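Here is a short report on one protein chain. Please keep the sequence and the 3D view open while reading.

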Amino acid sequence: MVIILKENPDPNQLENLLSWIKEQHVTPHITHGLHQTILGLVGDTAKIDIELLGQMEIVEAVRRVQEPFKNANRKFHPLDTIINVNGSKIGGNSMTVIAGPCSVESEEQIITVARSVKESGAKLLRGGAFKPRTSPYAFQGLRDEGIRLLLEAKKDTGLPIVTEIMDLSQLELFADVDVIQVGARNMQNFELLKQLGHSDKPILLKRGLANTYQELLMSAEYIMAFGNDNVILCERGVRTFETYTRNTQDISAIPALKTLSHLPVIIDPSHAAGVARFVPPLSLAAVAAGADGLIIEVHNNPACAKCDGMQSLTMPEFRILMKKIKVMTDARELCSSITE
Ligand code: PEP
Ligand code: MN
């Protein structure tokens, strides 16, 4: 349920309303917009008397929210959520690029890539330490050592780090990680999501290979329901009948998720494409469609990468792509200023 208040609500009346709401055993979430204050009610609102609420002096309108996701719903929180990661702001129509190798392979590799992507303009460094691989015989990641090397790269470059957690037992190792990634395969690992809800770290939540927008938002809701509002949604390609590309980048996910939710939406063109050559056009398409950011795989020697070399850009290719992303971001701003 959403309660829209009249402009400049009287503080005493607001306080009375909030205590009345709490007496109904639901939790109010308050959002102060430029012109409007909105109360989102989470919990069992079935018994709340809508008529009674509507007649209160400070109430402009009351609406029931049909969707099962509340905290992630834009109706609850009309303004874009902007997530601050060590000074880099993700969301609110900015453009943040996260880059780095699929997996951390050695100190030299991660430091080399980190320095290069930073110079090209990336704001965060990615790199997998725990890798979800289809084959148990494939490289599984450097695990604890991988996290340690990422922290070295962070110390060297100052770039905040993003890395994937696969199991709750790994959580302790993530104490100094800046953004915890939940991979596509774990999008519905509800116990993991609940525990991440108790953390205050930003969570980069990837859409599952065959999950709907609503399922993705319900997974975000798990994290938010337990107290962590810092969720970044990531579309990384979905499985379709097409096999020429690894997955199919779902561009509609950008406007759709941004309509349904206030959370930032970023795109992973690398896992969508599966082929390095397709990463630049898919990146630019995502920027044009309004993505808040991109997460791109970059390797110092893709041909020898232990994981996802085929879809990894070289460092010079990434540098060129960053220049194009800048042009496309400027064009997008220009486009949004055209209203008639
Ligand atoms: C990754 O980011 O390297 C990864 C494994 O991603 P996804 O979960 O989207 O497959
Ligand atoms: Mn990868």
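In strand E8, Leu-125 is the bridge partner of Ala-99. This is a predicted model. The two strands involved, E7 and E8 (residues 124–126), pair in the parallel sense. Two bridges join E7 and E8.

**Strand E7 and its other partner**

E7 also pairs with strand E14 (residues 293–297). The sense is again parallel, and E7 and E14 share five bridges. Thr-96 has Gly-293 as its bridge partner in E14.

How many of the residues of E7 are buried? The count is five of five, across residues 96–100, and the strand is mostly covered. Both faces are covered. Thr-96, Ile-98 and Gly-100 are buried on one side. Val-97 and Ala-99 are buried on the other.

**The nonpolar cores**

The largest nonpolar core has 64 residues. Among those with the most contacts inside this core is Leu-125, the bridge partner of Ala-99. Val-117, Leu-205, Leu-233, Ile-296, Phe-318 and Ile-325 belong to that group as well. Helix H6 (residues 213–225) gives the core its largest share, with six residues. There is also a second, separate core of 15 residues. Trp-20, Leu-53, Ile-58 and Val-59 are included in this second core. In soluble globular proteins, nonpolar side chains tend to be buried together.

**The chain as a whole**

The protein chain has 10 helices and 14 strands. Its C-alpha atoms fill a box of roughly 70 × 50 × 40 Å along the principal axes. The radius of gyration is 21 Å. A compact globule of 340 residues would have a value near 20 Å, so the two agree. Of the 340 residues, 53% count as buried. The accessible surface comes to about 15800 Å². Carbon and sulfur atoms hold 53% of that surface.

Take the contacts with a separation of 6 or more: residues 24 or more positions apart account for 69% of them.

| Residue | Relative accessible area | Class |
|---|---|---|
| Glu-297 | 0% | buried |
| Gln-109 | 4% | buried |
| Asp-308 | 17% | buried |
| Pro-281 | 47% | partly exposed |
| Asn-93 | 48% | partly exposed |

Start with Glu-297, which lies in strand E14. Glu-297 counts as buried because its relative accessibility is 0%. Which residues does Glu-297 contact, leaving aside its neighbours within four places in sequence? They are Gly-100, Cys-102, Arg-126, Ser-270, His-271, Asp-308, Gln-311, Ser-312 and Leu-313. Leu-284 is 13 residues away from Glu-297 in sequence, and their C-alpha atoms are 15 Å apart.

Asp-308, one of those contacts of Glu-297, is found in the loop between E14 and helix H10 (315–337). Asp-308 is buried because its relative accessible area of 17% is under the 20% cut-off. Its phi is positive, near 60°, in a residue other than glycine.

Asn-93 has a positive phi as well, about 65°, and is not a glycine. Most residues other than glycine have a negative phi. Asn-93 is found in the loop between strand E6 (88–90) and E7. Is Asn-93 buried or partly exposed? Asn-93 is partly exposed, since its relative accessible area is 48%.

With a relative accessible area of 4%, Gln-109 is buried. Leaving aside its neighbours within four places in sequence, Gln-109 is in contact with Pro-101, Ser-103, Val-104, His-299 and Asn-300.

Pro-281 lies in helix H9 (residues 279–288). Pro-281 counts as partly exposed, at 47% relative accessibility. Pro-281 and Asn-16 are 265 residues apart along the chain. Their C-alpha atoms are separated by 54 Å.

Methods
Residues are numbered from 1 along each chain as its sequence is written. Chains are lettered from A and ligands numbered from 1 in the order in which they are written. This is a predicted model: local features need pLDDT of at least 70, side-chain atom pairs count only at pLDDT 80 or more; totals for chains, interfaces and linings use all residues. Side-chain values use heavy atoms; hydrogens and water are left out. Buried means under 20% relative accessible area, exposed over 50%, partly exposed in between (1.4 Å probe, protein chains only). Helices (H or I, at least four residues) and strands (E, at least two) are DSSP runs, numbered from the N terminus. Two strands pair if DSSP finds at least two bridges between them. A nonpolar core is a set of buried Ala, Val, Leu, Ile, Met, Phe, Trp, Tyr and Cys residues joined through side-chain atoms within 4.5 Å. The radius of gyration is taken over C-alpha atoms; the globule rule is 2.2 Å times the number of residues to the power 0.38. Contact means heavy atoms within 4.5 Å. Accessible areas come from the Shrake-Rupley method with a 1.4 Å probe; for residues, only the protein chains shown count as cover.
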